[in-house]
Amino acid sequence: MDESEFDVITADDNDEQLQFLLCSETLSPAFDVIDDSVMPLQTLTPQEYDNIYTNNNNNNNVSVVGAGSTIMIAGSFYIPKYIEEKPLGEDASFICVKEQTIGVADGVGGWAKKGVDSGEYSRELMKNAESAILKQRLEDNDNNSTSVDLMKVLKEAFVNTKAKGSSTACILSLCDDTLHAVNVGDSAFVVIRDGVIVYKSEIQQSRFNCPFQLGNGKSCDDPSVAEKISVPVKAGDVIVLGTDGLFDNVHDFELEMIVNNGVDSWESDVPETLAWRIAQYALDNSKSTELYTPFSRECFKAGLEHSGGKIDDITVIVANIWPL
C-alpha cells in the first residue's frame, strides 16, 4: 500500500493540543469543565445501574440478547486530538446495550495527505455496524438466537460504508459467558481479572505503524482478514477496549494500576468514569517527550528514534462483567 495511506509522525504532532472531549457519539451535557479539563459527572449510582440491569428488578425494561450467568455494562470516553478542520477526530465507537455489543474504529490519518477525512469513514463504519446488529436482532427474534454474528456484522458494515478513507475496527460481544470479537488492525482489548491482564488481543499490521485496515482504496483490506477471537469471562472481569491512541501510550502494568485504583470505589461501577480516567492518563503520556511508552518501544524495535508518547485520538470503552 502507498505509504501516504498510513498514520505518520510529523514534527508538528507534539504541538497539537486538546480542544475538547467527546463521550460516546455526541457531546454530553454530563460534563463539568474545570481548569480547561473535562470530567464526566456521575449520572447513575451503582444501585441505579443494578436496578436497570438485574433480572430481579420487576420494573426492568431492558432485555438483553445472550445467555449465561453474566452481563456486560459498558461506558466510553473519547479524546480527539486537535485538528481545526477535523474537530470530531478520526475515531468512532458504539455501545449496543441490549445486544451486549461494543465496538471501536480508528480512521487512518495518512488519508489527510489526499484531502480525505478518514474520520468520516470510521464513523460511517461504526454506524453501519450498529445498524447491522439491530437488523440481526430483529431477524433473529423468530429463532430465539442469543448471539450476535460479528463477522456478518463486519461484512455488512463494510459493504454499506461508502465514505472515502479507511479504518481499523474491533467489535466485541458477550454471549454465554464468553467474549467474542472480530479485529482488524491495531485497536485492541484486554480482559482484566483480579487486577491482572489475563488476555490481550494482538494487533494486525503489515509492518510497524501500518495496520490492516478496512476501506475502499485499491490496496485496503476487506473483512476476510479479521481475526476472530473467543475469550471466556466471569463476573468481576473488566474489559478495556480502545484504539491505538490508548495502547500506544499506556503500558499493560499502567492499565492494571488504573483499573485497580478504581476497585472498591464507585468508579469501578460507573464504567464511563473509569474510561475517562484511562483516557486522561493516556493523554498525559501522549504529551510527554521523555517517557518510555509502548510507542517509543516499538519505534526502537523498528530502528527508529522516538522518545515519549504519540499524539493521537484516544477512545476508551470500559465494560464491567456483572453477574445476572
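Rings of Phe, Tyr and Trp, the last represented by its six-membered ring, are taken to pair if their centres lie within 6.5 Å; in this predicted model, a search of the whole structure finds two aromatic pairs.

**View 1. The aromatic pair of Phe-189 and Tyr-199 is tilted.** Phe-189 belongs to strand S8 (residues 188–193) and Tyr-199 to strand S9 (residues 196–200), so the pair ties together parts that are 10 residues apart in sequence. Phe-189 is buried, at 0% relative accessibility, whereas Tyr-199 is partly exposed, with a relative accessible area of 22%.

**View 2. The charged end of Lys-114 sits over the ring of Trp-111.** In this predicted model, the distance from the charged end of Lys-114 to the centre of the Trp-111 ring is 5.4 Å.

**View 3. Helix H6 comprises residues 271–287.** With 17 residues at 1.5 Å a residue, helix H6 should span 24 Å, and the 25 Å between its end C-alpha atoms agrees with that expectation. Of these 17 residues, 13 are buried, so H6 is largely enclosed by the rest of the structure.

**View 4. Cys-96 and Cys-220 are buried cysteines.** The relative accessible area is 5% for Cys-96 and 14% for Cys-220. Where a disulfide is taken as a pair of cysteine sulfur atoms within 2.5 Å, the count for the predicted model comes to zero disulfides.

Terms used
Residues are numbered from 1 along each chain as its sequence is written. This is a predicted model: local features need pLDDT of at least 70, side-chain atom pairs count only at pLDDT 80 or more; totals for chains, interfaces and linings use all residues. Side-chain values use heavy atoms; hydrogens and water are left out. Buried means under 20% relative accessible area, exposed over 50%, partly exposed in between (1.4 Å probe, protein chains only). Helices (H or I, at least four residues) and strands (E, at least two) are DSSP runs, numbered from the N terminus. The expected span of a helix is 1.5 Å times one less than its number of residues. Rings of Phe, Tyr and Trp (its six-membered ring) pair if their centres lie within 6.5 Å; planes under 30 degrees apart count as stacked, over 60 as edge-to-face and the rest as tilted. A charge sits over a ring if NZ of Lys or CZ of Arg is within 6 Å of the ring centre and within 35 degrees of the ring normal.
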